[in-house]
Amino acid sequence: MVPEEVHEFLSSNKPEIDQVRWTKPEKYHITFEYFPDLSPELFEVAHRKVQALSQYFPLQCELNRFSGFPSPRKARVIIALVSLANAEIQTVCDSKRFNPHVTVGYARSPPVWVPQKALELSFSFARPALFRSEKGIYTEIEPAGF
């Protein structure tokens, strides 16, 4: 989860967009890689990645700008893009679309246009973790807890 200063900053700088369900600030976290479903085999791969990422932490980060997924023009998910001080971290996450981000909201329907509003906030991120998201509840999971 991100530091309190990031909660406050993102909450007070949201872009003005209608028809968005905003994420509660206490649920803000940086997504390095998304796994839609974790079989026991994929969980082990994900856990090894978290362990590999640990060598780069604490990690200096910077919020860049708001954007959207799958695109800023037809966003279903509103995100704040994050730059990482250490680019080597990309070698651990093999996603070709590696874009660390904080999810700040979801378009209700239809997709929305997200203004590319610049953000400037640097912060330190303490450690990587693997979380399970079920019905909006985030739970940190360990290998034995799967």
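Modeller: Ground rule before the contacts: contact means heavy atoms within 4.5 Å. Also, this is a predicted model.

Colleague: Fine. Which residues does Val20 touch, leaving out those up to four places away in sequence?

Modeller: Val20 touches Ile78, Gly105, Tyr106, Arg108 and Val112.

Colleague: Where does Val20 sit? And is Val20 buried or exposed?

Modeller: Val20 is in strand E1. Val20 counts as buried, because its relative accessibility is 8% and the cut-off for buried is under 20%.

Colleague: How far is Val20 from Glu33 in space?

Modeller: The C-alpha to C-alpha distance is 23 Å, and the two are 13 residues apart in sequence.

Colleague: Switching to Leu10. Which helix is that in?

Modeller: Leu10 belongs to helix H1, which covers residues 4-12.

Colleague: Why does Leu10 count as buried?

Modeller: Because Leu10 has 0% relative accessibility.

Colleague: What does Leu10 touch, again skipping residues up to four places away in sequence?

Modeller: Tyr28, Leu63, Phe66, Ala80, Val102, Val104 and Leu119. Take Val102: Leu10 and Val102 are 92 residues apart in sequence, yet 9.3 Å apart in space, C-alpha to C-alpha.

Colleague: Now the surface. Which residues make up the patch of negative charge?

Modeller: Glu4, Glu5, Glu8 and Glu26 gather there.

Colleague: And where is Glu26?

Modeller: Glu26 is in a loop. That loop runs between strand E1 (20-22) and strand E2 (30-31).

How values were computed: Residues numbered from 1 in each chain as written. Predicted model: local features only at pLDDT ≥ 70, side-chain atom pairs only at ≥ 80, totals over all residues. Heavy atoms only, no water. Helix = DSSP H or I, 4+ residues; strand = E, 2+ residues; numbered from the N terminus. Buried < 20%, exposed > 50% of the residue type's maximum accessible area, 1.4 Å probe, protein only. Patch = residues over 30% accessible without salt bridge, like charges linked within 9 Å, V, L, I, M, F, W, Y side chains within 5 Å. Areas by Shrake-Rupley, 256 points an atom, 1.4 Å probe, with all protein chains shown as cover. Salt bridge = Lys/Arg side-chain N within 4 Å of Asp/Glu carboxyl O. Lys, Arg positive; Asp, Glu negative; His and termini not counted. Charge placed at Lys NZ, Arg CZ, Asp CG, Glu CD.
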